[in-house]
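This report looks at ring contacts, backbone geometry and nonpolar packing. Please keep the sequence and the model in view while reading.

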Amino acid sequence: MALARRQFDAVVVGAGGAGLRAALQLAEAGLKVAVLSKVFPTRSHTVAAQGGIGAALGNMGEDSWLWHMYDTVKGSDYLGDQDAIEFLCREAPQTVIELEHFGLPFDRNDDGTIYQRPFGGHSMNYGEKPVQRSCCAADRTGHAMLHALYQRNVRANTQFFVEWLALDLIRDAEGNVLGVTALEMETGEVYLLQGRATLFATGGAGRIFSATTNAFINTGDGLGMAARAGIPLEDMEFWQFHPTGVAGAGVLITEGVRGEGGYLLNKNGERFMERYAPNMKDLASRDVVARAMATEIKEGRGAGKNGDYILLKLDHLGVETIEKRLPGIREIAKKFANVDPVKDPVPVVPTVHYQMGGIPTNYLGQVLVPGKDGPNTIVGGFYAAGECACASVHGANRLGTNSLTDLVVFGKAAGNTMIRYLQENPRHRALPADAGDYTRSRLARLDSQKAGESVHQVGNDMRRTMQLHCGVFRFPDLLTDGVTKIKEIAARSTRTGIQDKSKIFNTARVEALELDNLIEVARSSMVSAEARKESRGAHDRADFPNRDDAAWLKHSLWFKDGDRLDYKPVNLKPLSAASFEPKARVY
């Protein structure tokens, strides 16, 4: 039986910051826009972003988008594409002002300008000293952003499909993307949602690890769909471990705490970051701080009964500053660490936080694949923005606050690119006759498996394998074993089924479908990590401790078919600025 079909000008999958910013651009242009979300839009994971959005407004002293660009290139360990990085940093100030006009309640200075706090890796005059660049709404910036963008979309008549799960891309014989198949989670009905243009803004996939700051919805859905449709995933070996997740809980403690003057201590009460980053100290780039913390713990200077965490001290800031600038952090520390940070330090450990890789795009949001004759080609009608995309502005390590900047700058850019494409392609392309067949076969397998593998058990084994074999420090034997194990787990995932056929709830089906996506991300990450024979940014190998620009200044591309890897060069040519050539990365 044919699947029911609904047609739109644009289909946006994901209702976080990038999806809502793109949808707003499209809806305000008078287009018919459908936004799919597994949760109510204001519960998308952007809501968890705390510290701020990076933009060189210069409200707290001299600043420049060029300095922001330098910090981003350096933070990426020179793996970021400098055309995209220039675009991000040049557009950031205007994008923040737009958000202000949308009603985002930024903290204010006495003169009415937006308050900006220091953040890790952000500096003045090309690394000279820290700069205040993070525009924030206390420690709930993502929450404020998401609500402002959702309200604007409601005003613009964007159509929301809440509690819908996108399942698979629909492509025609020429490779153009024509929309997605999607599951209405309440009813279990599957639809063809056809769009003249389709945007993925599905966020990250931190749930491939057992200890992560990511929400349970962060299951790499866009990455899994892209991989199954033959589109490669770029730079998947690079996973950011945020230095300060609450020990034992993984809940994020924003870098804004250190921006406001908090600092890290080992069990001896020593401010150890002075040894690892004498200039920037606790505000060095995230991969540097996370490795320093892991080293302190490994060398026996961790705090607590088991010596397995570091202490984040902020009581010296005073009750007034904490309540004004970091109220949510105080609440988190009380609930998840049983500590009042006004009185005592918070126990923290490096925790998986952000995916630097993703679906390959340019800075206009267009999805790129290697062409038959070498150069990249654009996938017709397909776009990606936010954490699921790889522009690549984050390279081997993302600079703090650039995640929210990424969402709105590239969300808006993708929206504008889609508008131009829709003007040039005013009619829907014909759907292939077998458009829904692949999705139906996946669902049939799940529902018919009689003694299938447990989705829960396979998922747990995947998370434990990734945590052990692909962590802050990576060892050759663990990576080699990790590739073997993750492939075995991937094979098991094809044999999953609904365990109790008398209780086939859609939640069980959704978890099984999400596991399909997580497995693709885990495979791509482990295979890509084992293959990169250098240390760069968040990828730190014991057997190759140094960065190797001669051999590895290139992006990895993982293809699902045969776990094949290909590579493409990093773009060191900005749009207009002078290039920042790779050099030693010191903080």
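The model is predicted. Ser392 is found in the loop between β18 (389-390) and α11 (402-424). A cis peptide bond joins Ala391 to Ser392. Its omega is about 0 degrees.

Asp77 has a phi near 55 degrees, a positive value in a residue other than glycine. Asp77 sits in the loop between α2 (65-75) and α3 (82-102). With a relative accessible area of 6%, Asp77 is buried.

Tyr126 is not a glycine either, yet its phi is positive, about 60 degrees. This residue belongs to the loop between β4 (116-124) and β5 (129-135). Is Tyr126 buried or partly exposed? Its relative accessibility is 35%, so Tyr126 counts as partly exposed.

## Aromatic pairs

How many aromatic pairs does the structure hold? The count is 17. One of them joins Phe8 and Phe161. Their ring centres are 5.6 Å apart and their planes stand at 90 degrees, so this pair is edge-to-face. Edge-to-face requires an angle over 60 degrees. Phe8 lies in strand β1 (residues 4-13), and Phe161 in strand β6 (residues 159-162). The pair therefore ties together parts that are 153 residues apart in sequence. Phe8 counts as buried at 2% relative accessibility. Phe161 is buried too, with a relative accessible area of 5%.

A further pair joins Phe209 and Phe241. Here the centres are 6.1 Å apart and the planes are at 75 degrees, so the geometry is again edge-to-face. Phe209 lies in the loop between β9 (189-200) and α5 (221-228), while Phe241 lies in strand β11 (residues 239-246). The parts tied together by this pair are 32 residues apart in sequence. Phe209 is buried at 0% relative accessibility. Phe241 is buried at 6%.

Arg325 lies over the face of Tyr115, at 3.6 Å from the ring centre. Lys554 lies over the face of Tyr567, at 4.7 Å from the ring centre.

## Nonpolar cores

In soluble globular proteins, nonpolar side chains tend to be buried together. In this model, the largest nonpolar core has 72 residues. Which of its members touch the most other members? They are Leu36, Val180, Leu193, Phe200, Ile208 and Ile359. Helix α15 (residues 506-531) supplies the largest share of this core, eleven residues.

Leu36 deserves a look of its own. Leaving aside residues up to four places away in sequence, Leu36 touches Val11, Val12, Val13, Gly14 and Ala15, among others. Val180 and Leu193 are themselves among the core residues that touch the most other members.

A second core is separate and has 59 residues. Its members include Val33, Val35, Ala137 and Phe410.

How values were computed: Residues are numbered from 1 along each chain as its sequence is written. This is a predicted model: local features need pLDDT of at least 70, side-chain atom pairs count only at pLDDT 80 or more; totals for chains, interfaces and linings use all residues. Side-chain values use heavy atoms; hydrogens and water are left out. Rings of Phe, Tyr and Trp (its six-membered ring) pair if their centres lie within 6.5 Å; planes under 30 degrees apart count as stacked, over 60 as edge-to-face and the rest as tilted. Helices (H or I, at least four residues) and strands (E, at least two) are DSSP runs, numbered from the N terminus. Buried means under 20% relative accessible area, exposed over 50%, partly exposed in between (1.4 Å probe, protein chains only). A charge sits over a ring if NZ of Lys or CZ of Arg is within 6 Å of the ring centre and within 35 degrees of the ring normal. A nonpolar core is a set of buried Ala, Val, Leu, Ile, Met, Phe, Trp, Tyr and Cys residues joined through side-chain atoms within 4.5 Å. Contact means heavy atoms within 4.5 Å.
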